[in-house]
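Please keep the sequence and the coordinates in view while reading.

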Amino acid sequence: MDEGHEMYEMQFPAPDVGPKNGGLTMVVALQGYADAGLAVAGSAGHLIDALDHRPLVNFNNDELVDYRSRRPAVTMVGDAVADCAELELSLQVVRDNAGKPFLLLSGPEPDLRWDAFSQAVADLVERFDVRRTVSLYSAPMTVPHTRPLGIIAHGNDREMLAGHRTWGQRVTVPGAASLRIELELNRRGRTTCGFTAQVPHYVAASDYPLAALRLLEAVADAGDLEFPLTALERESDKVAELLAEQARESEEVAGIVRMLEHQHDEEERRRSTLESNPLVRADGSMPSADELGAEFERFLATQIAAPERDDEPTSGSPAESVDSGLENTHDSDAADATDATDITDDAIESDGTTVTDDETDTDGPDDSDGDDGDGDGGRRPRRPWFRF
């Protein structure tokens, strides 16, 4: 080991991390929080078992782990203590199927010193010029195993989230060391994202390899990596067969699955309807009342500034056009009604203001004189009108 640190030690000699060209991805898979179906632990374990890896940084357990909250297994042989399981929290260099390196931060989630831990991880991200950090989570959901397992994405890079369903609103969740790392990296202007697998709640306490499979597929897509996933696919098929057999043997289980299927399908239809709404953004959020008002004002401004149409009179001022067009339109109530719908963009001054009758009819008598003859005195004042 080399380069002593209060919280971690660098491996010496350090393994080759690759050129610092900004293309490195770091995967964060800390065990202990939001790990329904053991998907996070299964993802990290699969990568370590299936790919070439070398330790880069080992974190100090005595600084970060409360052993009483996660007591390691102890093996006794005869009358003597023979072995104690190691809790290994480390950062490793892993190479995918094509030999492309990426970093994997895995092991037990720290119980202590989250601020110092997240700052240390962020320092390592900057040291090795990590381009993106991808954190893994899995949560129990009221979804059936007979429907495609969903992945919910979040992050500060919209391009990375493309093609994934997002939370789309303000949510509050319990804190985690991985989320604290994301927050610290956000503050430093680093690219981060997280993927949460939606695990059926009735298998959340069991090993559910389909969740690990879907998480690793999302990581491979985000980091442009190639993972060997055939073993996970086979394990996922076996678990699916066991669940199907259990549903066939128990009408109670089958009834619960059918209820969840109906609920899931109704939610998908509702979401599809919302997503087809032109007011709904790509992330599922809707514009506020102020945003809608501002957009409406911009639309009206474009209508006011639009050039005159070819079939409109071009001689004289807009006000004169209004006066000449209204000269003989007050003989009856029907004429008044027609006139109210014939005021077009001609009633707009060149400076963009809307002209009412009081402004254009400067030569006629005042409305207050009670004239009900052919003059303008009996004309009702009209409101500004816009054509859409």
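**Ring pairs, salt bridges and burial**

A search of the whole structure finds three aromatic pairs. The model is predicted, so that local features require pLDDT of at least 70 and side-chain atom pairs count only at pLDDT 80 or more, while totals for chains, interfaces and linings use all residues. Residues are numbered from 1 along each chain as its sequence is written, and side-chain values use heavy atoms, with hydrogens and water left out.

A pair of aromatic rings is described by the distance of the centres and the angle of the planes. Here, rings of Phe, Tyr and Trp (its six-membered ring) pair if their centres lie within 6.5 Å; planes under 30 degrees apart count as stacked, over 60 as edge-to-face and the rest as tilted. Tyrosine 8 and phenylalanine 59 form an edge-to-face pair, with 5.7 Å from centre to centre and 65 degrees between the planes. This pair links distant parts of the chain, since tyrosine 8 belongs to strand β1 (residues 8–10) and phenylalanine 59 to strand β3 (residues 52–59), 51 residues apart. Helices (H or I, at least four residues) and strands (E, at least two) are DSSP runs, numbered from the N terminus.

The term buried means under 20% relative accessible area, exposed means over 50%, and partly exposed lies in between (1.4 Å probe, protein chains only). Ring pairs also bring in Phe117, giving a cluster of Tyr8, Phe59 and Phe117.

Elsewhere, the rings of phenylalanine 102 and phenylalanine 227 have centres 5.5 Å apart and planes at 55 degrees, so this pair is tilted. The two residues come from distant parts of the chain: phenylalanine 102 lies in strand β7 (residues 101–108), and phenylalanine 227 in the loop between α6 (209–223) and α7 (230–249), 125 residues apart. Phenylalanine 102 counts as buried because its relative accessibility is 0%, and phenylalanine 227 counts as buried at 10%.

Charged side chains come next. The structure holds 14 salt bridges, each being a side-chain nitrogen of Lys or Arg within 4 Å of a carboxyl oxygen of Asp or Glu. In one of them, arginine 113 pairs with glutamate 6, the closest N and O atoms being 3.2 Å apart. Arginine 113 lies in the loop between β7 and α3 (114–127) and glutamate 6 in the segment before β1, so the pair ties together parts that are 107 residues apart in sequence. At 33% relative accessibility, arginine 113 is partly exposed, whereas glutamate 6 is exposed with a relative accessible area of 51%.

Aspartate 66 and arginine 68 form another salt bridge, with 3.8 Å between the closest N and O atoms. Aspartate 66 is partly exposed at 26% relative accessibility, and arginine 68 is exposed at 64%.

The side chains of arginine 188 and glutamate 184 also meet in a salt bridge, at 2.9 Å from N to O. Here glutamate 184 is buried, its relative accessible area being 10%, while arginine 188 is partly exposed at 27%. Through shared partners, salt bridges join Asp115, Asp123, Glu126, Arg180, Glu184 and Arg188 into one network.

Not counting residues up to four places away in sequence, alanine 212 touches Ala39, Gly42, Ser43 and Leu232; contact means heavy atoms within 4.5 Å. The C-alpha atoms of alanine 212 and glycine 42 are separated by 5.9 Å, although the residues are 170 apart along the chain.

For the chain as a whole, the secondary structure comes to twelve helices and eleven strands. Of its 388 residues, 38% are buried. Among contacts with a separation of 6 or more, 74% are between residues 24 or more positions apart.
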